[in-house]
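Please read this note with the sequence and the model at hand. Each numbered point takes up one topic and may be checked on the display.

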Amino acid sequence: MNKKILKLLKAEQENIEEIKETRNMIDKLEDELEWYMWNAEDEQDHIIHLENTLDKLYRQLELLEKL
């Protein structure tokens, strides 16, 4: 029984850590996107790449938070 509880706690801790890492990555990419939108509007390919990456991370975060 204790092993099962420990396993569940470990899985929960890993999930929490992944959520934190995903949020940190989102924050960094949002800052980068904002910089590009204000300072390098001609870099449309990079801006689109950042937007797509952020969309994927938001979907991933949503799934992680449901667990």
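The points below go from the whole chain to single residues.

1. Basis of the note. This is a predicted model, in which local features need pLDDT of at least 70 and side-chain atom pairs count only at pLDDT 80 or more, while totals for chains, interfaces and linings use all residues. Residues are numbered from 1 along each chain as its sequence is written, and side-chain values use heavy atoms, with hydrogens and water left out.

2. Overall form. The protein chain has two helices and zero strands; helices (H or I, at least four residues) and strands (E, at least two) are DSSP runs, numbered from the N terminus. Its radius of gyration is 17 Å, well over the 11 Å that the globule rule gives for 67 residues, so the chain is more spread out than a compact globule. That radius is taken over C-alpha atoms, and the rule is 2.2 Å times the number of residues to the power 0.38. Along its principal axes, the C-alpha trace spans about 60 × 15 × 15 Å.

3. Of the 67 residues, 19% count as buried; buried means under 20% relative accessible area, exposed over 50%, and partly exposed in between (1.4 Å probe, protein chains only). The chain exposes about 5,800 Å², and carbon and sulfur atoms supply 54% of this area. Such areas come from the Shrake-Rupley method with a 1.4 Å probe; for residues, only the protein chains shown count as cover. The mean positions of the 10 positive and 18 negative charges are 18 Å apart. Lys and Arg count as positive and Asp and Glu as negative, with His and the chain ends not counted; each charge is placed at NZ of Lys, CZ of Arg, CG of Asp or CD of Glu.

4. The nonpolar core. Which residues make up the largest nonpolar core? It has 10 residues: I19, I26, L29, L33, I47, L50, L54, L57, L61 and L64. The elements giving two or more residues to this core are α1 (2-39) and α2 (44-66), and α2 gives the most, with six residues. A nonpolar core is a set of buried Ala, Val, Leu, Ile, Met, Phe, Trp, Tyr and Cys residues joined through side-chain atoms within 4.5 Å. In soluble globular proteins, nonpolar side chains tend to be buried together.

5. Contact means heavy atoms within 4.5 Å. Not counting residues up to four places away in sequence, L54 touches I26, L29, E30 and L33. I47, in helix α2, is buried at a relative accessible area of 5%. With the same exclusion, I47 touches L33, Y36, M37, A40 and E41.

6. Leaving aside neighbours within four places in sequence, T22 is in contact with L57, Q60, L61 and L64. E65 lies in helix α2 and, at 42% relative accessibility, counts as partly exposed. Leaving aside neighbours within four places, E65 is in contact with I19 and R23.
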